Amino acid sequence: MKDLADAGVSIWLDDLSRQRLTSGSLANLIHDQHVSGVTTNPTIFAKAISDADAYAEQVNRLGAEGVSTDQAIRVITTDDVRDAADLFKPVYDDTDGVDGRVSIEVEPGLARDTAKTIAQAKELWATVGRENVFVKIPATKEGIPAITETLANGISVNVTLIFSLERYKAVVDAFLSGVEKAIDNGHDVTKLASVASFFVSRVDTEIDKRLDAIGTDEAKALKGKAAIANARLAYEVFEEVFASDRWREIETTGAKVQRPLWASTGVKDPAYKDTLYVEELVVGNVVNTMPQATMDAFADHGEVRGDTVTGDYDGDRKVIADLEKLGISYDEVVQLLEDEGVSKFDVSWTELQNTVTAALKAAAK
């Protein structure tokens, strides 16, 4: 894990719960495994709050106060994120605000509503009240202008659910515009930060399914290659944008680059090495946010072989081109994955509401 961090990969945990905070488990990961940040999403909170014991006292109090389900969710989740942000504050200070970050997501139901996304981003930022927090905004078409306006208000943003290179280019442009506006608005951009969360394993899951359906030797030879190629090509975009004249001018204000973040790095196919999406995406200036199982696997038997991202972008482009030749449309796949991503988080949000509603009713009896 130290070798991975030394190679320029910030190791973040893709999980948060009250139990992790109170047991010392998260503090141990910071100390022992070089974990320097945390990401959350509706699925993570739905799972955490279903563990009634850790939240029982707070839910009982909120139930007695007669608060609504959505109010209770807001209180519970922002409390956890605030406590995690406090735990990571020394990391934040030691890295000059690069790491030590904790993310909280706007409600998935707002993914297609620009104005409401901006409004909720402001609310979450104010409620948590910690400068080392990221507000997560999905990279839907409606999310792109919300990213710019949220940054323009001096609020740090984790852009989530990025699957396509074209959408990633729009995300980076939205970031640059947001920082430029923040400068014009008089915000201290040395405190402003952003990551762009590029989803990895889900790309292979969808494309591998289509390759299996084709079934030829040519198709089988491409299995497990699309997700890594896609992520590497995103890093090529990152390198180009942050070497541009536009960025150089912004950089004079002390602004930080928007780092790529590799998300969904747990391996779904048991035929692949369980550390695949860590080992093949090692390069400087990135984040890899891992579920606990992936982190444990890498700590146990992961390998750091230096830079495994740059150097063969043409080969990565060929992977995408070869898929197209087989009739697998890149544009169709990435749009499907975005739509499914929004939908899955919507389902998780409903599960979260149902869990909290039931707990509040039980507490009010």
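## A helix and its neighbours

In this predicted model, the buried residues of helix H8 are covered by elements that include helix H7, strand E4, strand E5, helix H9 and strand E6. Their residue ranges are listed here.

| Element covering H8 | Residues |
|---|---|
| Helix H7 | 114-128 |
| Strand E4 | 133-138 |
| Strand E5 | 157-162 |
| Helix H9 | 165-184 |
| Strand E6 | 194-199 |

H8 itself spans residues 143-152 and is mostly covered, with eight of its ten residues buried. The buried ones are Gly143, Ile144, Ala146, Ile147, Thr148, Thr150, Leu151 and Ala152. Just past the end of H8, Gly154 adopts a positive phi of about 80°.

How do H8 and H9 meet? Their axes come within 7 Å and cross at roughly 25°. Because angles under 35 degrees count as roughly parallel, H8 is roughly parallel to H9. The crossing of this pair is right-handed. From H8, the residues Ile144, Ile147, Thr148, Glu149, Leu151 and Ala152 take part, and their partners in H9 include Arg167, Val171, Phe175 and Lys181. Sorted by class, the contact of H8 with H9 holds nine nonpolar, three polar and three charged residues.

Now for the annotated site. An unreviewed UniProt entry gives Lys136 the annotation "active site". Lys136 sits in strand E4. Is Lys136 buried or exposed? Its relative accessibility is 5%, so Lys136 counts as buried. Leaving aside residues up to four places away in sequence, Lys136 touches several residues, among them Thr39, Asn41, Ser103, Glu105, Asn158 and Thr160.

Note on methods
Residues are numbered from 1 along each chain as its sequence is written. This is a predicted model: local features need pLDDT of at least 70, side-chain atom pairs count only at pLDDT 80 or more; totals for chains, interfaces and linings use all residues. Side-chain values use heavy atoms; hydrogens and water are left out. Buried means under 20% relative accessible area, exposed over 50%, partly exposed in between (1.4 Å probe, protein chains only). Helices (H or I, at least four residues) and strands (E, at least two) are DSSP runs, numbered from the N terminus. Contact means heavy atoms within 4.5 Å. Axes are lines fitted to C-alpha atoms, for helices over the stretch in contact, and angles run from 0 to 180 degrees between N-to-C directions. Angles under 35 degrees count as roughly parallel, over 145 as roughly antiparallel, 65 to 115 as roughly perpendicular and the rest as oblique. A crossing is left-handed if the near helix is turned anticlockwise from the far one by less than a right angle, and right-handed if clockwise. Ala, Val, Leu, Ile, Met, Phe, Trp, Tyr, Cys and Pro count as nonpolar, Asp, Glu, Lys and Arg as charged, and the others, Gly among them, as polar. UniProt positions are given in the numbering used here, feature names are shortened, and annotations may be inferred rather than shown by experiment.
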